[in-house]
Amino acid sequence: MKSIRALFPSVIYFCLLCLYIISGLDTEPAIAFTPLKADFSTYDPNKPEIISGDTIKVGLLEPFSGQSAAAGEISNWLLGWVVHDINSQGGIMVDGKMKMIQVIKGDTATQPVVAKRALQRLILKDKVDLFVGTAGSHIAIIGNQMAEKYQKIFMNYSAYSVHLMNAQNFNRYTFRTCSTTDINAKALAYYFSKTPIRKFYILCQDYSYGQDFGASIKKALEEFVPDAEIVGEVYHPLWLKDFAPYLSKVQASGAEMIISSDWPPDSWNLMLAIDQMGMNIPVSGQFFDDPRMSQNLKNKKAGLGNTVVNFHLCNVETELNSRFNKIFHDRYKDNEKVQIAWPSGVVGGVIGHFYWLFDVIQRAGTMNTEKIISTWEGDTYESFSGKLTMRKCDHQAVMDMFVSPLVSPSKWSKTGDGLGYQDHGIRIPSDIVISPCPEGLK
Amino acid sequence: MNPDRKQPRNMLMTKRLNHYFGERQVLFNISLEIQEGTRHAIIGPNGAGKTTLFNTITGKYRPKNGSILFKGKDVTGFKPDKLVRMGLGRSFQINSTFAGLTTFQNLRMAVLARKNIRFNFFRNLDKMQPVTDETDTLLARIGLAAERNLPAGLLSYGKHRCLELSLAMATDPDLVMLDEPAAGMSRIETHQMVKLIRELTHNKTVLIIEHDMDVVFSLADRITVLHHGEILATGTPEEIKANQDVKDAYLGETKVGNAA
Amino acid sequence: MKNSFRKWLLWAAILAGLYTAPVLFGVFELNLLLGASIFALFSLSLNLLLSFTGLLSFGHAMFFASGAYGTALVLTRLDGCSLLSAIFVGAASAVLVALVLSPLLVRVGGHTFAMLTMAFSQIMYATVMKFSHLTGGNDGMSGFPIPPLVIPAVGLIDMSLERNFYYFSISILGLSAWVMWFFTRTPFGSIMVSIRDNPDRVTYLGFNVPLSKAIILGVSAGFAGVAGSVYALFQNMVSVDGVLGPLSSFTPLINCFIGGLGTFIGPVFGTGIGTILLELMSAHPEQAQLVFSLVLISVVLFLPGGAIMLYWKITSRWIVLRNKFQTAILKGNHES
Amino acid sequence: MDAIAVMLITQGIHGLAYGMLLFLVASGFTLIFGMMGILNIAHASFFMLAAYFAFQIMQWSGSFWLALLLAPIAIAGLGILMERLMLRQIRKFKLGKAVVLFELMLTVGIMVCIEEAVKNLWGTDPEIVNAPELLRGLVQFFGMTYPVYRIFIIGLSCSILLLLGLILFKTRLGNVVRAAVQDADMAGALGVNVPLVFTLVFGLGTWLAGIAGVAAAPMLTVFPGLANQMMLDSFIVVALGGFGSLFGAFVISMLLGELTAFGIQFFPGYSTIILFGFMALVLTIRPSGLFGEKE
């Protein structure tokens, strides 16, 4: 009797152990998060859930002050979307524990020095596990350096300059998920080769991104559209106010298509000026699809034929993308602040890339930097618009590109009958647009 | 006039000076000869061009044509600082001291100028005892020792005027040019000022602009009358007093002006 | 006697504090301190023009930038350039820029000086952008090698170590600040103050005002260049927006005003306050500049003597200070 | 007409439109400077703020004309507040010469403050102000088409300019203002209420900037950086045209407008260096500017 009593605790212990193992086995499939599972109706990027304790700390390196602060807000919104989704599913299983994701903002003010200080704060003080960013190649290069110095993963989702990942600037810790100016230009040129448009005018910002894009598009046109004629090439100052004199010049040159690298507010100003001047020369580039701008165009012809190139578009037909579009549309169709009814290229694309990042971490199962690198290198992931592959040689994401002209009426406009993408985006396979590995990198 | 001096040489000579403000001519063919050791006064109604003449002589303005000879050397177009280093000193109609600095610091600048300490970057000025000593001596001499550490801007008007005069005399110049030294002073202060001028400018050549006729006649050896930018007359005080042109053109106006 | 003892005690405490900083603080705080020190030196060099010569420069950043670009260029282009000569090149290029511009700058004062310096810094901005093959344009220059410091009989000191670099640069900055302070105490320093008060009288004392102004400009630019040079080494990076951007000339000005005009040490306090303010605002970066500008406006409106005035007011040395303040800068030419 | 001629004429009108806007801003700038000796660095920020006010008024009421009426008045009110409460406060300190430094720094502070406040209130995303129905569209003349709105800007500026000229040169008030601009002390001695005139001129100057801001809003998008280029350009105008000279400001504004338009045509990329180089040259040779009246 006594001996049985002595056994009692061990029996309980054994039972508990069994229970623990069984429960563990039982919950194992539920640990992995699935994209787009959460309830997004309550999601508000400006009211993040307060998360504390042992978390995965992600630094968000973006401008939150200065002229480009809007870019930072958008990134915060996109990252917040993914974090909201994953956290509401319980987080990610890393190092044997379910961890929530915590986003810590680092303000760059689009100035390298401020960015460097912000990064030092993120890494040394806030002790982030990895960081993501950022608008501006001159900021991204700081990210590259600091990632190497402190051996932290840096995911670059919005700096497009080719040279960021060349042999000189490459480091093992930086991964670029967005495309490059070369890739964008090639996709655009490939599309033009299938159209009768032959007279192009290059109007870019006098800024590294603009100059890079100008050089890329010239090279790409030469390659894909040998009979193209570049009737003019002008680089204008950043945040130019009055585009009219430039446009008069464009008009006189007989151009059929303007190719521009401009982003807001320049892209908006350019479109408004085209609208006011009553011109019908379309513009192509990455940022000429913004519905907030399109709905303000008064002239019927303005904006028609604008050609957008991106690594994701909402009119791409995949099953996942339809689901994403629907969830996004339900959430934002009546929203005053977010004036877009459907996710634009960057919105959908970058959300997809963030899912990829956390999926890689989940599969690595640890926050160990080396393990994440080895998992991500050569990895393939099925995102909204198709397959993403992380090329091992220069950590450049390889993906299909998408081009779509704007039409009216379009079902993708906010009202359903305004200016917007055509029904289906044109997919340009990755092997046409991707450049070979840079020299000196394997 | 000093009868002992043999063959007094010209300290300053101007030949047919003309000066314009824009289109308007303000000096017409001014020819002056100031002999060494004399006290020469320039009088004339407001706007006669007296201060402009001073500014032209001291190099602040460049004359349109004509020439200026200082100690027999042609100095037309020389900058003021160069002229000062050649031996010219000047006071201003409106006090031009270092109002934010103390009296001591003001005079120390004068001492630095006299000792020709200009581009010295290697010594701590507060520890340069000879400079401090000399400054204190100078302070005592002009009777401002009590106000040693008071900002010049807070000095009483009369004392401030004294400081102005001593700054003009700081470099121990051969030619002193005083622009209305007694302007705005009371009778007593004026009297003291005249005394101070006599004391400080002993054996020096003086060119003085003055409105107060008592000062002019008690100080000057020779007088030049300027009217609308032209020289009306030049001569000894007695000659000027007797000159009918001057009476007509000038003295009458001044009386009215003084009364006002 | 007692006063002098307290003074020495204070200096000893400051030196001990600076010496032990790497032990007490982490890398992040150390970098913050070093960054603040660099900007303190930059502000001090501007203060030489502002408080001591009465010239308001809206383009002082161009000297800072010359220093930074000079050092960065020589380290990028010239293999085996030693650390001290890189800093020297930085300072020398700043002085060179100042000397080239001085024939134009010394002739003017007041608003015209402010606008001219602004125009020149705009021209410099545009020039740096035009020569992007040399300066890197927007991307700037980064990742240039930082050579070790060679001390004869001691050997090489590796500058990639944060602590070594901290000791090295804090010594350079401290030495520069001391030289600048001594400069204001020399006979030439008193000429400088006199020019601020009354340039006409200085001329009629026989001093060459334009030449003196050119020298002051050169000295001020030189130390701004040293600050810029150390900055380039510290950040291991120079970017056009960072050193020539719209606010880079205003920041040291604001530091001077917040710290206290008319004193030598004011800008150091100003920089300290600015740095602390930015740190406090780090959670809300989008509002940092707003708070900063409000602080500036309130200082200008209600506390024209800056932080030093506040300190003196608190330590009931108000009367002494008021006299000092009024005599030092505010009275100017009270007749005019 | 051939295409080249059409383009040249079009560029000329573009230049005129921008030059007119610039003049509206710069005239207030130069008046304030000529009169009070204050280089109001924040002046162009009022221009930008007016554009935001116009945007906000149109959000509420939908009427551009109401915005054109109210926004500049609101801006003038702010300007008067700034003069009364801030600049006057500084003059109370009796700072002597140093007052210039303090005034400049105050306006720098206000400039930064306005920009940051705008960012906090409206965000950094560009906002769009639509021109009223009447002014949209194009006008045809001599075989070329031109946007009506830009013609409207030119017309509006011309009428403001005319009104300003009439007030300044034909009325007693104008005489008083001009006298105060020339020599405030003398005007004060002659019994003019100088502080009141200061306030009036400050209000007038900021009102002009406000008009320009509202007029510019539908032509451009409204964003916080709107003030930057305008500030630099109006600096150039005032420095070249002569501090305090309205005529100089007019001539240089027109020149600058045309230079911007044709510079894009003939030598893109170098206009900054050329303009600032020229400004530096003029400032050193003639510190009072090309048309400056005062020494």
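**Two helices of chain D**

I started with helix α5 (residues 148-170) and helix α6 (residues 172-182) of chain D, whose axes come within 5 Å and cross at roughly 80 degrees. Axes here are lines fitted to C-alpha atoms, for helices over the stretch in contact, and angles run from 0 to 180 degrees between N-to-C directions. Helices (H or I, at least four residues) and strands (E, at least two) are DSSP runs, numbered from the N terminus. α5(D) and α6(D) are therefore roughly perpendicular to each other, a label for angles of 65 to 115 degrees (under 35 is roughly parallel, over 145 roughly antiparallel, the rest oblique).

I noted that D:I167, D:L168, D:F169 and D:K170 in α5(D) meet D:L173, D:G174, D:V177 and D:R178 in α6(D). Two residues are in contact if their C-beta atoms, placed from the backbone, lie within 7 Å.

**A word on the model**

This is a predicted model, in which local features need pLDDT of at least 70 and side-chain atom pairs count only at pLDDT 80 or more, while totals for chains, interfaces and linings use all residues. Residues are numbered from 1 along each chain as its sequence is written, and chains are lettered from A and ligands numbered from 1 in the order in which they are written.

**The sheet of chain B**

Next I looked up chain B, where 6 strands form an open sheet of mixed pairing in the order β6-β7-β8-β3-β9-β10. Two strands pair if DSSP finds at least two bridges between them. β6 (88-90) and β10 (230-235) of chain B stand at the edges with a single partner strand each, so one side of each has no neighbour in the sheet. The twist averages 15 degrees from one strand to the next.

I then followed β6(B), which pairs with strand β7 (residues 175-179) of chain B in the parallel sense over 3 bridges. B:R90 has B:M177 in β7(B) as its bridge partner.

**Between the chains**

Chain B and chain D have no contact either, with their closest C-alpha atoms 10 Å apart.
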